[in-house]
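I am opening a notebook on this structure.

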Amino acid sequence: MPANSLDALWMPFTANRQFKAAPRILVSARDMHFIAEDGRSILDGTAGLWCSNAGHCRPKITEAIQKQAAVLDYGPIFQAGHPGPFQVAERLKRILPGDLNSTFFTNSGSESVDTALKIALAYHRARGEGNRRWLIGRERGYHGAGFGGISVGGIPANRRAFGALLPAVDHLPHTHDPGHNSFSRGQPAWGAHLADELEDRIIPLHDASNIAAVIVEPVAGSTGVLVPPKGYLERLRRICDQHGILLIFDEVITGFGRLGAPFAAGYFGIVPDIITLAKGITNASVPMGAVAVRRRIHETVVNSAPENAIELFHGYTYSGHPLAAAAALATLDLYEEERLFERGASLAPHFQEAVHSLREMPHVVDIRNLGMMAGIELEPLPGMPGARGYQVLVRAFERGILIRVTGDTIALSPPLIISKSQIDELVGTLGSVLRETSGK
């Protein structure tokens, strides 16, 4: 692409000046690989952005989208409907845990989070507790880029430019302590007590009767793969139950097989009150998000409104879009036919051993993993946080692998169709890149 053809696009979450000086352009994809503008094959170590769990350009999904576009390109679901979203919601009931059997469709993870927060507030108001308005997030949490999401989120760079955000928000401490849980394989043994901060500090400060919901990622992804300590999520569930607080799991990343189960909630054996979804729901082929809620939440909000009245004044023009619904149905079929969730579970031990083989590479200060996701944390260059990670990102692309970097932490989350030999190729190439950048 000519350099001047790049100027019109303001790229999201990108160092625009650096990228446009040396762009990394992807022009096609198939299964485990992208094809770069120069014709090179790039092994996808990140499932795009944690989202192409079944690989790229799968014919079943592509054909479903094409067929739907020729039959019904768009249909509203404000006071009308079309079959697609009803069918997807019914299919999700089969794999969602517990009684999370009502789904509200959005178009992204960010919209799903803001929707979940609004549903939590509406639920408490519908049951006569409108005073419950405090929303509790977690330090280093990522919940999308909407005002609600960055308010409950805890990544400073995502917040600092935007001034005052939502009021009545507080944050739990994050769970990562290198002194206790570095180089953990799976869930670290130390740190469950950090959930008690909810009961010991936040509830006394704000009064439980004023707190609407706690939102956490079961495994924090975008901040650099922070795995919950053993017993941590169970403690959060117990405390929330004790005080009538809703527990929201943000499963935009962990949903649809990333931990070898349909959802992290099922993997951990915990039923939250609300789950936010996106990314893997359509294999990222068409934007779609969703919010799944427990039966009592849906019934309380719906039954509190007068007959013939709109119960929840919220929604999006493209909620349950026909093309997205077609993509979701085909994606769910593919997950089931190819048993991709089970495949992720079977690959996880090999993936764990592979990523932990990087422990002795230059400047590696921590490795953490769970399921088919891993974080490899690097020592920052003196006075230049993030610079080493960016160097590794660029060199990895040059060597034919796509990785994701958050600051100086490398995140790996390959599609679930990856083979053991491709895992070895991905990790081996990354090891070579780390050796090549050892002196920089």
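Which backbone oxygen does the side chain of Ser184 reach? I looked it up in the model, which is predicted. The side chain of Ser184 reaches the backbone oxygen of Asn181, at 2.6 Å.

Next I placed Ser184 in the fold. I find Ser184 in the loop between helix H7 (178-181) and helix H8 (197-206). Is Ser184 buried or exposed? I note a relative accessible area of 12% for Ser184, so Ser184 is buried, the limit being under 20%. I then set aside the neighbours of Ser184 within four places in sequence, and I list contacts of Ser184 with His356, Ile367, Arg368 and Asn369.

Then I turned to the cavities. I count three cavities of 30 Å³ or more. The largest cavity has a volume of about 70 Å³. Which residues line the largest cavity? I find Ser184 and Asn181 in the lining, along with Thr175, His176, Gly186, Pro188, Val225, Leu226, Val227 and Arg368. By class, I record four nonpolar, five polar and one charged residues in that lining.

Last, the cysteines. How many disulfides does the structure hold? I find zero disulfides. A disulfide is a covalent bond between the sulfur atoms of two cysteines. I checked Cys51: the closest cysteine sulfur to the sulfur of Cys51 is in Cys57, 12 Å away, which is too far for a bond because the sulfur atoms would have to be within 2.5 Å. I also note that Cys51 is buried, with a relative accessible area of 12%. Cys240 is buried too, at 0% relative accessibility.

Conventions:
Residues numbered from 1 in each chain as written. Predicted model: local features only at pLDDT ≥ 70, side-chain atom pairs only at ≥ 80, totals over all residues. Heavy atoms only, no water. 1 Å grid on protein atoms, 1.4 Å probe; cavity = no way out; pocket = protein on both sides within 12 Å on 5 of 7 lines; lining within 4 Å. Points joined across faces, edges and corners; volume = space filled by probe spheres on them. Nonpolar A, V, L, I, M, F, W, Y, C, P; charged D, E, K, R; others polar. Buried < 20%, exposed > 50% of the residue type's maximum accessible area, 1.4 Å probe, protein only. Helix = DSSP H or I, 4+ residues; strand = E, 2+ residues; numbered from the N terminus. Polar contact = N/O pair within 3.5 Å; in protein donor to acceptor, adjacent residues only side chain to side chain. Contact = heavy atoms within 4.5 Å.
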